[in-house]
Amino acid sequence: MAKVLVLGGGTAGLIAARYLKAEADRLKLDVDVTMVTASERHYMPPLFMEVALGSAEAHETWAPIKNAEKVYGFRVDIDRVTKIDLDNRQVKTEGGKVYDYDYLFLGLGVKYAWDKYKGLAEHGYHNYTLEGALELRKALYGFKGKRIVIYAPEVPYRCGIYPYEMGLALRAYFEAKGLNDVEIKVVHPGDGPARSLGPTVSRFFEKEFEKAGVEFIHHDGHERITEGKLVTKNLELDYDLLIKVPPIAIPDVMAFMADSQDPRWAKVKGPDFRYPGYDDVYVVSEASMPPLGLLTAGVPLHNAAVVSATSILHQVHGGYPIAEFVPTMCLGVGYHTGFTANCEYRWTGSKYERTCYLLFKSPLIKEMKASFYRGWLDSLRL
Ligand SMILES: Cc1cc2nc3c(=O)[nH]c(=O)nc-3n(C[C@H](O)[C@H](O)[C@H](O)COP(=O)(O)OP(=O)(O)OC[C@H]3O[C@@H](n4cnc5c(N)ncnc54)[C@H](O)[C@@H]3O)c2cc1C
């Protein structure tokens, strides 16, 4: 029997485990798929933004990952991984268990490195966790000031379009409350909004910003945040409410897998996300996407998890085709409309090259996005 151990029960882990189990059953392969994940909750993090804006409740943002046992048929153990020993193919947990494996899929997400920049941990609000979103919701609801700054100290962070969607959603939020004089600024290291998604998506956001009166401001690097003030190398901005985007980094338990060139990321080998030197180990998280030229968001992660799962099946069941990194379609929300965009990828031998472009705009996108997230979680509700 081939033992596949999936660490992490987020988007990446769920997709990989689900795919592996379904294909192993279909092909009648003797494969055991076990997931070990620290939280009982499988979150859909984009819904944290809705929580902050009051259009979703906390309980709507997650579903019990243990239900995957009944729905998809693989085993789920709730436990925190404390040690990963690649040479001995062993994983140890807080609960004192030791798992051995033939194939290891690492889907442990990322760490939020709030301490990386002066003042970032102490000041401002965010909706990158459910707890953060609930605090931001209170702050927004009671907001009496004039100046809101949405601040990304560095790129890439989780979900490249988040600050733009948030800026535009906030304009609509305040308008609905009759507050039309709130200044909303997105302060970002890029030259313009959503540059990584190509010129047509970037133009979409530029136009939406113009319509909504949201300002994009480029910054040259972080200096400090104090109460009411953000200072970067080229700016000093006063704010009444700061919404911050966390820098991301490789999780602590995987720190030994960090790339020496940029220790935020895991060492990884394309095209199928293997850890160099260990053909039985796959690393699929936003900490392994940037070194391969990929974007840090759930949609490309979905693809990465499928590619890795097929690569594992290829090893278990010779001849099983390894999936290509197929085009990914993302949905983004603007001011009173939204867009879908497509990214196409080409493996160059060391990295993926991508071409992204806007497909169409529609006010329905917001509803589509909201129902996709809810439908995803509903699939785990019994
Ligand atoms: C506000 C916001 C908006 C977003 N919007 C979009 C969007 O519009 N489109 C899009 O594509 N993406 C979006 N994203 C990004 C998307 O949510 C993430 O890319 C995706 O959730 C990452 O999935 P993951 O499985 O890699 O990590 P996670 O979902 O973080 O899962 C990691 C899992 O590992 C577990 N874990 C961690 N450490 C341990 C340990 N030591 N032992 C055991 N288990 C452990 C955790 O419990 C968790 O289950 C958004 C994210 C945020 C925060």
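How far is the sulfur of Cys159 from the closest cysteine sulfur? I got 8.3 Å, to Cys330, which is too far for a bond. For the record, this is a predicted model, where local features need pLDDT of at least 70, side-chain atom pairs count only at pLDDT 80 or more, and totals for chains, interfaces and linings use all residues. Residues are numbered from 1 along each chain as its sequence is written, and side-chain values use heavy atoms, with hydrogens and water left out.

**Cysteines**

I found one disulfide in the structure (a pair of cysteine sulfur atoms within 2.5 Å). Cys343 and Cys356 form it, with sulfur atoms 2.2 Å apart. Cys343 sits in strand E22 (residues 338-347) and Cys356 in strand E23 (residues 352-362), 13 residues apart. My note on strands: they are DSSP runs of at least two residues, marked E and numbered from the N terminus. The S-S torsion is about 110°, so I wrote down "right-handed".

Both Cys343 and Cys356 are buried (under 20% relative accessible area; exposed is over 50%, partly exposed in between, with a 1.4 Å probe and protein chains only). Cys159 is partly exposed at 28%. Cys330 is in no disulfide, and its nearest cysteine sulfur, that of Cys343, is 5.9 Å away. At 16% relative accessibility, Cys330 counts as buried.

**The lysine**

Next I checked Lys185, in strand E12 (residues 183-188). Is Lys185 buried or exposed? Lys185 counts as buried because its relative accessibility is 15%. Leaving aside neighbours within four places in sequence, I listed its contacts (heavy atoms within 4.5 Å), among them Ile148, Glu215 and Leu237.

Conventions. Helices (H or I, at least four residues) and strands (E, at least two) are DSSP runs, numbered from the N terminus.
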